[in-house]
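Hi,

Here is the structure I promised to pass on.

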Amino acid sequence: MTAPWDVIVVGGGNAGLCAAQSARQEGARVLVLEKAPRQWAGGNSYFTAGAMRASHGGLADLKDLVDPDAQGRFPFTDLAPYTDDDFLDDMVRVTRGRTDADLARVLVGESRATMDWLRDLGLRFELMYHRQAYEADGRQRFWGGLAVGVVGGGKGMVEQHLAAAERTGVQMRFDSPVTRLATASDGTVQGVVLACGDVLESRAVVLTTGGFEANPQMRAAHLGPGWDLALVRGTPHNTGDGIRMALDAGAQPHGHWSGCHAVAWDAGARPTGDRELTNQLTRGGYPFGIVVNTDGRRFIDEGADFRNYTYAKYGAEILRQPTGTAVQIFDAKAAPLLRPEEYASKDVTSVTSDTVRGLARELGIDEDRLVSTIEEFNAAIIDSPFDPTVKDGSRTEGIEPPKSNWAQPLDTPPYTAYPVTCGITFTFGGLRIDPDAHVLGTCGLPVPGLHAAGELVGGLFYFNYPGGSGLTAGSVFGRRAGRSAAAAAAGRAR
Ligand SMILES: Cc1cc2nc3c(=O)[nH]c(=O)nc-3n(C[C@H](O)[C@H](O)[C@H](O)COP(=O)(O)OP(=O)(O)OC[C@H]3O[C@@H](n4cnc5c(N)ncnc54)[C@H](O)[C@@H]3O)c2cc1C
């Protein structure tokens with residue numbers, strides 16, 4: 001029997017839509033099956049800021065990539081090159097040397113070319129002045145190795161992807177949860193089984209169903225006790241389905257199964273993502289204040305590095321605190337540095353007072369404790385000129401934990417506190433793929449007909465993550481997965 005589809009892609013987020021486009025460019029007949037209804041299109045990709053980390057040669061080099069309409073501020077912009085070596089160093093450094101070297105090299109080496117490919121598909125890019133630059137001497141200075149984002153953030157990205165899919169003839173079916181892979185007796189993947197029991201045949205399958213971050217049972221089982229209580233920042237649909245069905249079909253697990261990306265998240269947020277507020281519930285301004293637990297004690301180095309290199313690991317530190325929550329505290333000097341999208345948007349949970357004691361009372365934290373935490377912090381500061389665009393060396397000495405940069409005394413009322421909890425973004429453990437995005441089996445050889453990309457791939461991220469790498473990884477390996485799935489399908493058609 002002729003399979004009606006050359007390639008079935010399971011999961012319609014960024015990685016899935018990249019895989020679908022790339023298979024389509026190879027001439028494949030492509031169907032994308034998406035578990036969620038149409039109004040929840042785009043998976044976690046919808047909830048993102050659309051920030052994409054890619055190597056580049058500085059501002060001039062980005063002229064071809066950034067939408068011409070978004071280049072108005074280029075003459076007043078300082079943006080240093082971010083080379084392949086810089087990106088690779090960041091991957092190695094934040095993962096404590098554990099990133100899968102073969103996958104990381106592909107991610108880095110193809111990051112820029114893949115952005116160009118996305119642009120040619122119809123995605124529009126801009127420089128992320130609102131997230132990644134501060135004004136200094138009348139110029140916009142970028143920091144943190146991350147500069148480019150999709151116009152309209154994650155919402156824009158999904159809209160632009162769906163429009164591209166329609167243009168190129170990628171077929172999409174929503175409300176179509178896949179529960180199982182259909183395999184031949186020799187293990188070759190021949191299609192998928194839907195929750196309704198229908199079997200859809202194809203010559204190759206690409207899994208892009210995200211991680212298991214929205215599955216409390218898997219979180220507790222793999223990430224550890226307490227993780228079932230974390231709030232989910234994105235889609236409720238990423239429940240580890242693709243990982244489970246691939247393992248059932250003989251795939252090999254890979255990567256940091258007890259690790260995940262998790263951030264400081266509004267303590268009043270709902271259990272799973274909010275389609276309107278999306279990533280605005282993130283609280284990423286902590287480098288300019290202090291963070292205390294509900295005992296009134298600091299527990300992280302708020303200024304260890306640029307936010308891009310610490311935010312993804314600090315959610316776990318918050319979850320470890322006695323109540324699984326914490327409070328970010330800023331004084332009036334820091335207020336202008338907080339992104340209004342995060343700190344002044346609708347329904348922000350916050351408390352303001354003219355005194356630290358008043359703040360403590362409102363928060364239910366021991367007043368004397370919070371006062372002495374702040375007095376000790378202020379007294380420990382070694383002053384040097386404050387500059388948010390570099391690691392400025394304004395630090396503390398003699399307190400634990402230290403604050404290594406941007407340490408300014410909290411002394412200017414009013415003081416504002418933002419209660420936060422742990423918001424999980426995605427999980428790091430997943431399937432082992434080779435650089436062409438074939439899923440490898442437990443024997444180390446490709447599972448015939450099975451390919452994967454995106455969050456459900458393990459091995460790239462351990463302990464931490466350089467901000468903006470998830471969408472790039474999904475795009476680079478999604479593109480490769482689509483290409484290799486189309487080639488596999490063509491081979492099987494012969
Ligand atoms: C709030 C937030 C902000 C973020 N910001 C950024 C950012 O700015 N930059 C960045 O690089 N990364 C960011 N990330 C991480 C980023 O979302 C992911 O790295 C990326 O979107 C993953 O893409 P994906 O295609 O693998 O998964 P997803 O986009 O989640 O797509 C997976 C899809 O699979 C579907 N699915 C699941 N199970 C099944 C099934 N059984 N059958 C059929 N379909 C199924 C889901 O419904 C979903 O649509 C952010 C994440 C969140 C939550």
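**The ligand and its shell**

A nitrogen atom of the ligand sits 2.9 Å from a backbone N or O atom of V178; I count a polar contact as a pair of N or O atoms within 3.5 Å, and within protein one must be able to donate a hydrogen and the other to accept it, with residues adjacent in sequence counting only if both atoms are side-chain atoms. Before you read on: this is a predicted model, with local features needing pLDDT of at least 70 and side-chain atom pairs pLDDT 80 or more, while totals for chains, interfaces and linings use all residues. Residues are numbered from 1 along each chain as its sequence is written, and side-chain values use heavy atoms, with hydrogens and water left out.

D241 has a side-chain N or O atom 2.8 Å from a ligand nitrogen atom, and a backbone N or O atom of N14 is 3.3 Å from a ligand oxygen atom. On its own the ligand has 1000 Å² of accessible area, and the protein covers 97% of that (Shrake-Rupley method, 1.4 Å probe; for residues, only the protein chains shown count as cover).

The largest share, 3 residues, comes from α13. There are 38 residues around the ligand, and E34, N44, S45, N238 and L471 come nearest (near means that a heavy atom lies within 4 Å). By class, the shell has 10 nonpolar, 23 polar and 5 charged residues. For the classes, Ala, Val, Leu, Ile, Met, Phe, Trp, Tyr, Cys and Pro are nonpolar, Asp, Glu, Lys and Arg are charged, and the others, Gly among them, are polar.

**Helix packing around α4**

Helix α4 (residues 111–121) and helix α13 (residues 469–493) have axes that come within 10 Å and cross at roughly 80°. Axes are lines fitted to C-alpha atoms, for helices over the stretch in contact, and angles run from 0 to 180 degrees between N-to-C directions. α4 and α13 are therefore roughly perpendicular to each other (65 to 115 degrees; under 35 is roughly parallel, over 145 roughly antiparallel, the rest oblique). On the α4 side the contact uses S111, A113, T114, W117 and L118, and on the α13 side T472, S475, V476 and R479, with contact meaning heavy atoms within 4.5 Å.

α1 also packs against α4, at an angle of about 75° and with the axes 12 Å apart, so this pair is roughly perpendicular too. Here C18, Q21, S22 and Q25 of α1 meet W117, L118 and L121 of α4; the contact has 4 nonpolar, 3 polar and no charged residues.

The peptide bond from E400 to P401 is cis, with omega near -10°, and P401 is in the loop between β20 (395–396) and β21 (415–427). P414 lies in the loop between β20 and β21 as well, and a cis peptide bond joins P413 to P414, with omega about 0°. R96, in the loop between α2 (84–94) and α3 (101–109), has a positive phi near 55°.

Cheers

Key. Helix = DSSP H or I, 4+ residues; strand = E, 2+ residues; numbered from the N terminus.
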